[in-house]
Amino acid sequence: MLVSQAVDSRAKPLLRRIKRHVWAPTHTFVAATGRGAEGVLGEELSALGLVAASAEPGAVEFEGRLTDLYRCNLESRLAERIWWRLLDCRDRGSGHLASRLAELPWEALLGPGFDLEVSVTGPGLDQAARQRLAALVQKSYAALRGAGPGPTEAPPQRLLLRRAERRWRLGLDSSGERLHRRGYRLDAARAPLRETLGAAVLTLAGYGPLRPLWDPMCGSGTLLIEAAQVARDMAPGRGRAFAFQTWANFREATWRHLIKRAGDRVRPACPAPIVGLDRHPAAVRATQDNARRAGVAADLRVGRGDFFDLEPIGGPPGLVVVNPPYGQRLRLTKSPAGFYGLLGRHLRRCFPGWRAAVLVPALELAGALALGSAASHVLKSGGRRIFLVTADLDRD
Ligand SMILES: C[S@@+](CC[C@H](N)C(=O)[O-])C[C@H]1O[C@@H](n2cnc3c(N)ncnc32)[C@H](O)[C@@H]1O
């Protein structure tokens, strides 16, 4: 990659160590996501040219250089957080772990003056053991902790020490705030989907920008906005800050280059209509406000209306995606199955020949939709299991 490198103000010995330990080698990174989205996250990483090494529930591991870590934070629509694995060693007791931690070149990995927020997980570790282990990590960094000045007002750096399969793995969080926080949504809406989950739903439903998209219960507009950003090829992280920008090894010029390249490739408009409907005026306003902050206001057509008053949609078929209210918010009928039956019937009537994707809170309700031969995917939303049902609706 061609990047014009300004004169670096870092002291030469430190720069040498940063090059040796951070810029030159490849590293292992772990992209965390919601359960059920690992498969599509692996595919997304491949599309970014990154080689996914392995997957486990809720996470995909990949190898890469520091630039790949930046790219993944900037470009991934599906990852919630990207960890940089600083240590991976066999569990030979806490003395061995302490000496491995003490070998970490913290001045090149992180730099001085940060507070560390260390979590410890692993089977059979009680609270006292977790506290002792967290203290080992803190101790390995202690000399640098007080060696200030450190970046002013930088939030604490998050680390996760995890024991699994008789190994210790230490990860440093490169993202900071979770990646679903793209910066366009103020969380005032009712039951919004996380932006990353919205992106996973669109991917699993096979959304393609050349076909129209409808969300007739759009709430705060997450699905519509995520779709518009896909259609215009907008990098989801281009408007926010990341933890890696505060590290001593941060490559400012490389980052500016990535941001510029992401900006240069944005398409001027969506090639096909993206349409939203909600019966609550506040939801319509929230969608419009969020879309404006996301830079896609002109790409959406959003209006107030009741889905059950819709007449059949003309024009070329596309994708209709619905995240209906559920649980206590479902007051339209006493029977959830009755509601999903009506929903399915009205989808078939209004969107013949379209692909439908509906989120349901329980698998038996997928049957009540009666969408024909449907596939379902299990996902997690707000700690609970939800099911995405996708089906191609019959033509008239
Ligand atoms: C679970 S929320 C959708 C959340 C949305 N996916 C988001 O991320 O913000 C369900 C939405 O459906 C709307 N709604 C419920 N019944 C409706 C109907 N019959 N017609 C149109 N909108 C409806 C509610 O007003 C609410 O905003």
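## Around the ligand

Let's start with the shell around the ligand: its residues split into 13 nonpolar, 5 polar and 4 charged. Here Ala, Val, Leu, Ile, Met, Phe, Trp, Tyr, Cys and Pro count as nonpolar, Asp, Glu, Lys and Arg as charged, and the others, Gly among them, as polar. Keep in mind that this is a predicted model, where local features need pLDDT of at least 70, side-chain atom pairs count only at pLDDT 80 or more, and totals for chains, interfaces and linings use all residues. As for the numbering, residues count from 1 along each chain as its sequence is written.

Which residues come nearest to the ligand? Out of the 22 around it, they are M217, G219, S220, T222 and F307. A residue is near a molecule if its C-beta atom, placed from the backbone, lies within 6 Å of it. Two elements give two or more residues to this shell: α8 (222-231) and β9 (274-278).

## The whole chain

Zooming out, you'll find 12 helices and 14 strands in the chain. These are DSSP runs numbered from the N terminus, with helices being H or I of at least four residues and strands being E of at least two.

Along its principal axes, the C-alpha trace spans about 70 × 50 × 35 Å.

## Strands side by side

Now have a look at β1 (residues 27-32). It pairs with β3 (residues 59-64) in the antiparallel sense over 6 bridges, and pairing takes at least two bridges found by DSSP. One spot to check is F29, whose bridge partner in β3 is F62.

Strand β1 also runs antiparallel to β4 (residues 81-90), with 4 bridges joining them. There, A32 stands opposite R81 of β4.

## Two domains

Where do the domains fall in the chain? Domain 1 covers 12-173, while domain 2 is made of 195-232 + 267-392; such bounds come from an automatic or database domain assignment. Their C-alpha centres lie 36 Å apart.

The contact between them takes 9 residues from domain 1 and 11 residues from domain 2, where two residues are in contact if their C-beta atoms, placed from the backbone, lie within 7 Å. On the side of domain 1 that touches domain 2, there are 3 nonpolar, 3 polar and 3 charged residues.
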